[in-house]
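Please have the sequence and the coordinates open side by side. The text below goes through the fold, then through some of its contacts, charges and surface.

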Amino acid sequence: MIRHTSMPVTMWPAASDAPAVPITARLHYNADDPYAVLLAFPGPSGTCEDGITWQFARTLLFDGMDKPAGECDIRIEPAEAEDWVTFTLHPLVEGAGLALHAPRETLARFLARTFEAVPMGGEHERIDWNAELAEVLRGAA
């Protein structure tokens, strides 16, 4: 059984007036944080270590494959071309978000790998709720 998975995803600007320059980001999933997916973009060094990382719910990615999903920092929805999915990052101000297209096939493969690690609906079984509560209570003291 896998515990984590990481996969590159090449994304393209969705705006027709944007330069057609691909961005290779990485999707990450770790069974120790079973509800979350990370989307990491490379920084000045060309690696994701000094780049920008977006964290969002795995269910957001799953839902966004077939219908618009997300209301805050990230929105995911099917693109007009059926082989693509659109990520809009920071759409809080109309027209201010960065929209990127990602290949549906890559995202589906990534999700399948995450479901091997933790089946959909089984996330709560991977969390040590007593340890989480103890951490919260420690921070409140």
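Two strands pair if DSSP finds at least two bridges between them; strands (E, at least two residues) and helices (H or I, at least four) are DSSP runs, numbered from the N terminus. This is a predicted model, in which local features need pLDDT of at least 70 and side-chain atom pairs count only at pLDDT 80 or more, while totals for chains, interfaces and linings use all residues. Residues are numbered from 1 along each chain as its sequence is written, and side-chain values use heavy atoms, with hydrogens and water left out.

The sheet is open and has 7 strands in the order β4-β3-β2-β1-β7-β6-β5, with antiparallel pairing. Its edge strands, each pairing on one side only, are β4 (52-57) and β5 (74-78). On average, neighbouring strands of this sheet are turned by 30° against each other, direction ignored. Axes here are lines fitted to C-alpha atoms, for helices over the stretch in contact, and angles run from 0 to 180 degrees between N-to-C directions. Helix α2 (residues 104-117) packs on the sheet and touches β1 (4-13), β2 (23-30), β3, β5, β6 (84-89) and β7 (98-103). The direction of helix α2 makes about 160° with that of β1. Contact means heavy atoms within 4.5 Å.

Val37 has Phe56 in β4 as its bridge partner.

Is Thr88 buried or exposed? With a relative accessible area of 10%, Thr88 is buried; the cut-offs are under 20% for buried and over 50% for exposed, with partly exposed in between (1.4 Å probe, protein chains only). Leaving aside neighbours within four places in sequence, Thr88 is in contact with residues including Asp73, Glu77 and Ala99. Ala99 lies in strand β7 and counts as partly exposed at 25% relative accessibility. On the same terms of sequence distance, Ala99 touches Trp12, Pro13, Ala14, Thr86, Phe87 and Thr88. Ala99 and Met11 are 88 residues apart in sequence, with their C-alpha atoms 9.6 Å apart in space.

The charged pairs come next. The whole structure has 3 salt bridges, each defined by a side-chain nitrogen of Lys or Arg within 4 Å of a carboxyl oxygen of Asp or Glu. One of them joins Arg3 and Asp32 (2.1 Å, N to O). Arg3 lies in the segment before β1 and Asp32 in the loop between β2 and β3, so the pair ties together parts 29 residues apart in sequence. Asp32 is exposed at 53%, and Arg3 is partly exposed at 38%.

In helix α2, Glu105 and Arg109 are 4 residues apart, about one turn of the helix, and their side chains meet in a salt bridge (3.3 Å, N to O). Glu116 also forms a salt bridge with Arg113, the closest N and O atoms being 3.5 Å apart. That pair is 3 residues apart in helix α2, which means a separation of about one helical turn.

Finally, Leu137 lies in helix α3 (residues 129-140) and is exposed at 52% relative accessibility.
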